[in-house]
Amino acid sequence: MAEIRQYKGIKHYLVIIVLISITVIMMIPLFYIVNTSFRPWAEIKSYPPKLVYEPSIGSYIRVFTARTVYPSGTTPSDEELAAMTWYEQIVYKDTNEEVVRRGDFPKRYANSLLISITTTLLTVILGTIAAYGFSRFKVRGEGNLLFFILSTRMLPPVIVVIPVFLMYRTVGLNDSYIGLILLYTAFNVSFAVWVLKGFIDEIPREYEEAAMVDGYTRWETFRKVVLPQSVTGIAATAVFVFIFSWNEYAFAFLLTRNTAQTVPAWLPYQMGVLGYDWGAAAAGSVLFLIPAMILTILLRKHLVRGISFGAIRK
Amino acid sequence: MADIVLKNVYKRFGDFTAVKDLNLNVFDKEFLVLLGPSGCGKTTTLRMISGLELPSEGQIILDNEDVTQKRASRRDIAFVFQLFALYPHLSVYNNISFPLKTQGIDKKQIEVEVQKIAKLLQIDHILKKKPKQLSGGDLQRVALGRGLIRKPKAMLLDEPIGTLDAKFREEMRTELKNLHIDSGSTTVYVTHDQVEAMDMGDRIAVMNHSLLQQIGEPHEVYSNPKNLFVAQFIGSPGMNFLEMESVTSDGKVLLKFTGDGTTIILPDFLEEKINNKKELSKITWGVRPEDVEIVPEGTKNSLRGAVFVIENMGNHKIIDIKLKDGTLIRVRELPKSKLRIGDNVSITFDMKMVRLFDTESGDSIVFQE
C-alpha cells in the first residue's frame, strides 16, 4: 500500500510540474506584452533589457493620444509646463512631445466592441433558431443543407478577401459597420448552427411535448423550455463567435479604413515621428485582450462543458 | 373528465403502419391499460390521443368533440412521459405550476392549487428542489402533479413506472390506483408489463403488430383470450401450449398430442366447438399452470412426463414437467407438494379452463364474445 501511495505521490507531483511548465510557457508572450506596456520609454529598446525598472503608464497615455515633437531647440516655457496636465507632463518627459489631440484608439475600440457584440448577438439568434429547426423538424434536403452550411467553413476566409472587397466596393459596404457585421455573421452562423444543433439534439423532445400538451404553443415552448436548456451551448457559441470577430484581422484590414476600422486593423500602425512605438502597441494589445478575457472568465463554466460536449454520453 | 372514442384510426410513418384500424372506447373515469410488446403501436396510440401525433386516417373524439385535427395544446389532456420530462431548469414548484402559467391564472390562485396537489401527492416538502435532486418516486409524483393540476379531461401515462426498481414499482402501482380513484380522471396507461396491466386496469386493451388484439376486463383477457398472442402475453408464468391434431374415431372427435401420439378424450362442449370448424386439423391446446393437475402415472386421459425443474415461490411451487417429446408444461402446485426432480408423473387438465386455438390463424376456437 505504502509503495503504491508513494508512486501515486510522485506521479501527482510530476503532473503538477508539467502543468506548471506548460502554463509558464504559454504565459510568456502575455507576460512579455504586459511587461513591455509598463516599461518607461527609455527602457523599451534598451539592450540587454533591464529586469528591474520603475513601471510607467507612459505607453498607455501614448496609445490614447496623438502628439507632435517640439521643434528642435524649442522647449515649453515654465508657464506652459505648469499649465500641462499630468499626462501631458509624462509625455513631454518621456519623448519630448506635445499632445495635440485625443488619439484614435477609443474610437477603434468602440468599433471593435460594436461590431463584435452585434455579430455575436445576430449569430447566436440566427444560429439557435436555425439549429432548432434542423433538430426538430423534417427539413427537405436537410443533409445537403447542413453540408452546404458547413462548406462555407472549408476554405480559409482569406481566399475570398479580394472578391468580397470588390463586391463590397460595388455595393458601398466598404468601411461600414454593416459590412463587417454581415461578413462576420455569415462566417459564424455555419459554426453556430452545427454546434447548437448538437446541443439541441441532446435535449429530449419530451420536454417540449410536455409543454405543448400543457397548453403552450411551439414558440412559447422554444422560449421557455428549449432556450433555458441550451444556455450552455449558446454561451459557448457566443464566446467563440465573439473572439472570432474580436480578433479578425484580414477582412478588417482590407475592408475598413476609418469609420469602421477595428482595433486589430489599427493597432499595428503605431509608427510615430520617433520610430515604431512598441510601448504603445503593447499597451493597446493589453487593453484589447481585456474584453475577451472577461467574457471567457464569466462564461468559463459553460465553456468547459461546451468544449467537452459530446465527450461524455449520459 | 370525459370519455375518449377512437374510430378506425390509422397512423403511418412512411411505409410503416404503426396503428391499424383501431377502434377504442375509453369510458368516463375509467382506467384503461394499453398493453403490448414494444413496437406494437401502444405509445403511438397514446400520442394520437394526446395530439402529439395526428392520425393518418380515422377520428378521435374527446368528450363528444371531434379533436382529430387539434394540436396537443388545444386538447386539454395531460401526458406523463416515461422519463417524466420534468423541466430540469425549473424547481418542483415551477414544474407543477407550469401548465397553469399559460392560462393567465393569478399567482395566488396558482399557489393554492400547487399546495393542494402537493399535499395530495405528499411532495409539499420538496417544492423548492430541482428535479436533479429527487429520487425516482418523487420525480414520478411531481410528473403526476404537473398532469393533475390542470384538472385535464384525461390523463395519459406512458410507462410511468417502468424505470423504477421492482419493490418501488409495486408501491407506485397502489399509489397510482388510489390517485385515480381520488381524482376520478379518465386515464389511459401504456405498459408492456402484464402484471402492471392486470393489477391496475379497469380494462386492458392488448395490442400487437399495430392491431388491437382484445379489449376487456383483466379476468376476461386472462381466462378468455381471443387468440394465441393474448394467451401467451398475459399471465406469469405464461400459459402452456401443446400441439394437437384432431382425429375421428367411432364418430367421436379426439385430440392427438403430436408429441407422443397420446389421444385425449374431450368433453362434449369442446368436441362441439371443434366439430363446428370441420376444416381444422391442427389445434393448439392452451392451459394455464393452475389448471393442470399432477396425477399418479397412468391415470386415464392423461399425458406422461417427468418432473424437470421445481421453482419454490414461497406460497406456491411452479413445477416443470417434461413430456416425452421434450415439451415443458408448467404446473402450479401447493407448497406442500412432495414431488422430486425425476419423478415420473402424469398430468390431466381442467377441461372447463382449457383454451383451444386454431394453430394456423392463432384464433381461439372457444372464445366467448
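Mentor: Let us begin with a term: a crossing of two helices is left-handed if the near helix is turned anticlockwise from the far one by less than a right angle, and right-handed if clockwise. Please bear in mind throughout that this is a predicted model.

Trainee: With that term in hand, in which hand does α6(A) pass α9(A)?
Mentor: The two elements are helix α6 (residues 105-136) and helix α9 (residues 177-202), both of chain A, and their axes lie 6 Å apart. The crossing of α6(A) past α9(A) is right-handed.

Trainee: How is α6(A) oriented to α9(A): roughly parallel or oblique?
Mentor: The helices α6(A) and α9(A) pack at an angle of about 40°. Angles under 35 degrees count as roughly parallel, and those from 65 to 115 as roughly perpendicular. The angle therefore makes α6(A), relative to α9(A), oblique.

Trainee: Which classes of residue form the contact of α6(A) with α9(A)?
Mentor: In the contact of α6(A) with α9(A), two residues are charged and eight are polar. The remaining class in that contact has 18 residues, and it is nonpolar.

Trainee: Where in chain A is Pro291(A), and is Pro291(A) buried or partly exposed?
Mentor: Pro291(A) is placed in helix α15 (residues 278-298) of chain A. A residue is buried if 20 or more other C-beta atoms lie within 10 Å of its own. Pro291(A) has 18 such atoms within 10 Å, so Pro291(A) is partly exposed.

Trainee: Which helix gives the largest share of the side of domain 2 of chain A that touches domain 3 of chain A?
Mentor: The domain assignment of chain A gives domain 1 (2-38), domain 2 (58-103) and domain 3 (106-307). The C-alpha centres of domain 2 and domain 3 of chain A lie 40 Å apart, and their contact takes eight residues from domain 2 and nine residues from domain 3. On the domain 2 side, six residues, the largest share, come from helix α3 (residues 58-64) of chain A.

Trainee: Turning to chain B, how many helices and strands are there?
Mentor: The C-alpha trace of chain B spans about 80 × 45 × 35 Å along its principal axes. Of the 369 residues in chain B, 40% are buried. Chain B has nine helices and 20 strands.

Trainee: Which element gives the most to the side of chain B that touches chain A?
Mentor: Here 17 residues of chain B are in contact with 15 residues of chain A. Both β6 (77-80) and α2 (92-101) of chain B supply at least two residues of that side. With three residues, the element that gives the most is β6(B).

Trainee: How many charged residues are on the side of chain B that touches chain A?
Mentor: That side of chain B has twelve nonpolar and five polar residues. The number of charged residues there is given by the word no: there are no charged residues.

Trainee: How is α4(B) oriented to α5(B): roughly parallel or oblique?
Mentor: The axes of helix α4 (residues 136-148) and helix α5 (residues 166-183) of chain B come within 11 Å and cross at roughly 20°. Angles under 35 degrees count as roughly parallel. The angle therefore makes α4(B), relative to α5(B), roughly parallel.

Trainee: Is Gln122(B) buried or exposed?
Mentor: Gln122(B) is in the loop between α3 (107-121) and α4 of chain B, and has a positive phi of about 55° although it is not a glycine. A residue with 12 or fewer C-beta neighbours is exposed. Gln122(B) has 11 inside 10 Å, so Gln122(B) counts as exposed.

Trainee: Finally, is the peptide bond from Ser236(B) to Pro237(B) cis or trans?
Mentor: Most peptide bonds are trans. Pro237(B) lies in the loop between α8 (228-233) and β11 (240-249) of chain B. With omega near -5°, the peptide bond from Ser236(B) to Pro237(B) is cis.

Notes: Residues numbered from 1 in each chain as written. Chains lettered and ligands numbered in written order. Predicted model: local features only at pLDDT ≥ 70, side-chain atom pairs only at ≥ 80, totals over all residues. Axes fitted to C-alpha atoms, helices over the stretch in contact; angles between N-to-C directions. Helix = DSSP H or I, 4+ residues; strand = E, 2+ residues; numbered from the N terminus. Parallel < 35°, antiparallel > 145°, perpendicular 65-115°, else oblique. Nonpolar A, V, L, I, M, F, W, Y, C, P; charged D, E, K, R; others polar. Contact = placed C-beta atoms within 7 Å. Domains from an automatic or database assignment.
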